[in-house]
Amino acid sequence: DFTDKTDDDLRRMSPWVLRVELDKPLLYVKKIKMEEIAKEIGEEYGADLNVEVTDDNADEMVVRIRIVNDTPFNSGQTDEGGNLMDDQPEVGQEDDIFLKRLEKS
């Protein structure tokens with residue numbers, strides 16, 4: 001649940017989000033629940049991905065997937081001028097490539 005996330009958890013998540021909209025009638029016919037989809041993705045990728053799904057009663061069946069990094073983005077450190085330091089400017093740059101590959105699978 002999004003409300004259970006700490007600030008550090010949120011900073012570790014990639015700014016890129018893969019949003020997948022599923023066909024609601026097809027899910028109903030196949031008797032697939034959204035939580036089952038989230039569970040399967042979680043079993044495959046573990047804590048490397050943050051998966052959020054809509055409720056089964058929602059108008060649109062949406063799965064949102066974000067990469068969870070080992071180190072937080074923008075750790076909040078500032079230089080002597082009070083500006084936020086960006087010690088890892090390329091963190092997250094490869095996330096969009098991974099999510100595009102995930103989308104195709």
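**Note on a predicted α/β model**

1. Start with helix α4, residues 95-104: Asp95, Asp96, Leu99 and Leu102 are buried there. Buried means under 20% relative accessible area, exposed means over 50%, and partly exposed lies in between (1.4 Å probe, protein chains only). These four residues sit on the same side of α4, because they cover an arc of only 120 degrees around the axis. The arc is taken from the directions that run from the helix axis to the C-beta atoms. On the other side of α4, Lys100, Arg101 and Lys104 are exposed. The cover over the buried residues of α4 includes β1 (18-22), α3 (34-45), β2 (49-53) and β3 (61-67).

2. A word on the source. This is a predicted model, in which local features need pLDDT of at least 70 and side-chain atom pairs count only at pLDDT 80 or more, while totals for chains, interfaces and linings use all residues. Residues are numbered from 1 along each chain as its sequence is written, and side-chain values use heavy atoms, with hydrogens and water left out.

3. Now the overall plan. The protein has four helices and three strands. Along the sequence they follow the pattern α-β-α-α-β-β-α. Helices (H or I, at least four residues) and strands (E, at least two) are DSSP runs, numbered from the N terminus. Of the 105 residues, 23% count as buried. Take contacts between residues at least 6 apart in sequence: 58% of them join residues at least 24 apart. Contact means heavy atoms within 4.5 Å.

4. Next, the sheet. Three strands form an open sheet in the order β1-β3-β2, and the pairing is antiparallel. β1 and β2 stand at the edges with a single partner strand each, so one side of each has no neighbour in the sheet. From one strand to the next, the twist averages 20 degrees. Two strands pair if DSSP finds at least two bridges between them. β1 and β3 are joined by five bridges. Val20 has Val63 in β3 as its bridge partner.

5. Two helices pack on this sheet. α3 touches β1, β2 and β3, and its direction makes about 175 degrees with that of β2. α4 also touches β1, β2 and β3; its direction makes about 140 degrees with that of β3. Axes are lines fitted to C-alpha atoms, for helices over the stretch in contact, and angles run from 0 to 180 degrees between N-to-C directions.

6. What makes up the largest nonpolar core? It has twelve residues, among them Leu18, Ile37, Ile41, Leu49, Ile65, Leu99 and Leu102. The elements giving two or more residues to this core are α3, β3 and α4. β3 supplies the largest share, four residues. A nonpolar core is a set of buried Ala, Val, Leu, Ile, Met, Phe, Trp, Tyr and Cys residues joined through side-chain atoms within 4.5 Å. Look at Ile65: leaving aside neighbours within four places in sequence, its contacts include Trp16, Leu18, Ile41, Leu49, Leu99 and Leu102.

7. Two loop residues deserve a look. Lys31 lies in the loop between α2 (24-29) and α3. Its phi is near 55 degrees, a positive value in a residue other than glycine. Most residues other than glycine have a negative phi. Lys31 counts as exposed because its relative accessibility is 69%. Not counting residues up to four places away in sequence, Asn69 touches Arg12, Met13, Ser14 and Asp95.
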